[in-house]
Amino acid sequence: VEYVVGEDWLHLFYIDKQKVYWKRVPMQRAELMAQIRGLRKQLYNYQRLSREKIKAYTDYVRSGRWFYDYLIDPLELDFNQIDRLIIVPDAELGHIPFEVFLEDKPIDQRAAYQDLPYLMNQVEISYSYSSSFWKENMRVERGANNGELLAMAASYDRIMESDIVPSRLPTERMLRDELQSLPAAEQEVSILEKRFQGYFGFGETATERLVKEKADQYAIIHLA
């Protein structure tokens with residue numbers, strides 16, 4: 001599925017082995033951008049999630065369903081016949097995860113987040129930068145990976161690696177010196193370490209150099 005955002009319309013292009021078609025959905029660009037900002041706020045504003053639990057939940061359910069109604073439902077997909085959905089987003093659509101769209105409103109308005117009807121429960125989702133890039137990428141031979149997880153929780157309150165400093169512009173070095181560790185990033189990777197096999201880096205063992213050395217060996221890469 002490829003999306004093209006216009007000023008007054010949202011264009012949806014779909015292709016599989018049997019059919020190709022195009023749908024046009026009335027959509028003001030300003031409204032779409034506002035909805036995207038709203039969804040991002042609901043997903044990433046952790047303070048609001050903890051302080052306004054009921055309203056945050058209600059807003060998320062409404063937003064998740066809105067995106068499904070306008071971006072997925074018009075395609076009239078039969079998920080019993082689809083194994084994987086490849087999304088080619090456009091503009092700010094590339095800033096949101098389609099996995100968290102809700103295919104239906106929960107019957108129980110007090111349902112836990114893990115029990116909501118997410119799109120990712122219906123179909124595997126992946127992304128591509130463009131249709132032509134995806135087509136070219138299909139021709140590339142891929143090496144086997146180890147089937148494990150590479151997860152990193154970086155720490156920036158330290159001296160930069162000596163082998164990276166010479167390649168950085170002075171402005172980049174200044175910006176990097178001001179970076180702070182993300183709250184709960186180490187906790188996030190620690191939880192993954194208990195559940196998965198792989199390499200889990202913290203602080204000095206979560207460097208850019210190590211990521212570049214190890215990334216192509218692993219099936220899943222998680223950067224906290």
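**Exercise 1.** Which residues lie nearest the centre of the largest pocket, and how many residues line the pocket? Describe the origin and the classes of the lining of the largest pocket.

*Solution.* The model is a predicted one.

Step 1. The largest pocket has 24 lining residues, and those nearest its centre are Tyr14, Ile15, Asp16, Lys17 and Arg84. Its volume is about 740 Å³.

Step 2. Turning to the elements, at least two residues of the lining come from each of strand S2 (9–15), strand S3 (20–26), strand S4 (84–87) and helix H4 (131–138).

Step 3. Sorted by class, the lining of the largest pocket comprises 13 nonpolar, eight charged and three polar residues.

**Exercise 2.** State the volume of the second largest pocket, and determine which element gives the largest share of the lining of that pocket.

*Solution.* 

Step 1. The volume of the second largest pocket is about 640 Å³. Its lining has 13 residues, with Tyr46, Glu188, His222, Leu223 and Ala224 closest to the centre.

Step 2. Helix H6 (185–195) and strand S8 (220–223) are the elements that contribute two or more residues to the lining of the second largest pocket. H6 supplies four residues, the largest share of this lining.

Step 3. By class, the lining of the second largest pocket consists of 10 nonpolar, two polar and one charged residues.

**Exercise 3.** Locate Glu76 and Ala184, give the phi of Glu76 and of Ala184, and decide whether Glu76 is buried or exposed. Classify the accessibility of Ala184 likewise.

*Solution.* 

Step 1. Glu76 sits in the loop between helix H3 (53–72) and S4. Although Glu76 is not a glycine, its phi is positive, at about 50°.

Step 2. The relative accessibility of Glu76 is 66%. The cut-off for exposed is over 50%, so Glu76 counts as exposed at 66%.

Step 3. Ala184 belongs to the loop between helix H5 (170–177) and H6. Ala184, also not a glycine, has a positive phi of about 70°.

Step 4. The relative accessible area of Ala184 is 48%.

**Exercise 4.** Characterise the packing of helix H1 (residues 29–44) against H3 by angle and axis separation, and state the handedness of the crossing.

*Solution.* 

Step 1. H1 and H3 pack at an angle of about 135°, and their axes are 10 Å apart.

Step 2. The crossing of H1 and H3 is left-handed.

Key:
Residues numbered from 1 in each chain as written. Predicted model: local features only at pLDDT ≥ 70, side-chain atom pairs only at ≥ 80, totals over all residues. Heavy atoms only, no water. 1 Å grid on protein atoms, 1.4 Å probe; cavity = no way out; pocket = protein on both sides within 12 Å on 5 of 7 lines; lining within 4 Å. Points joined across faces, edges and corners; volume = space filled by probe spheres on them. Nonpolar A, V, L, I, M, F, W, Y, C, P; charged D, E, K, R; others polar. Buried < 20%, exposed > 50% of the residue type's maximum accessible area, 1.4 Å probe, protein only. Axes fitted to C-alpha atoms, helices over the stretch in contact; angles between N-to-C directions. Left-handed = near helix turned anticlockwise from the far one by under 90°.
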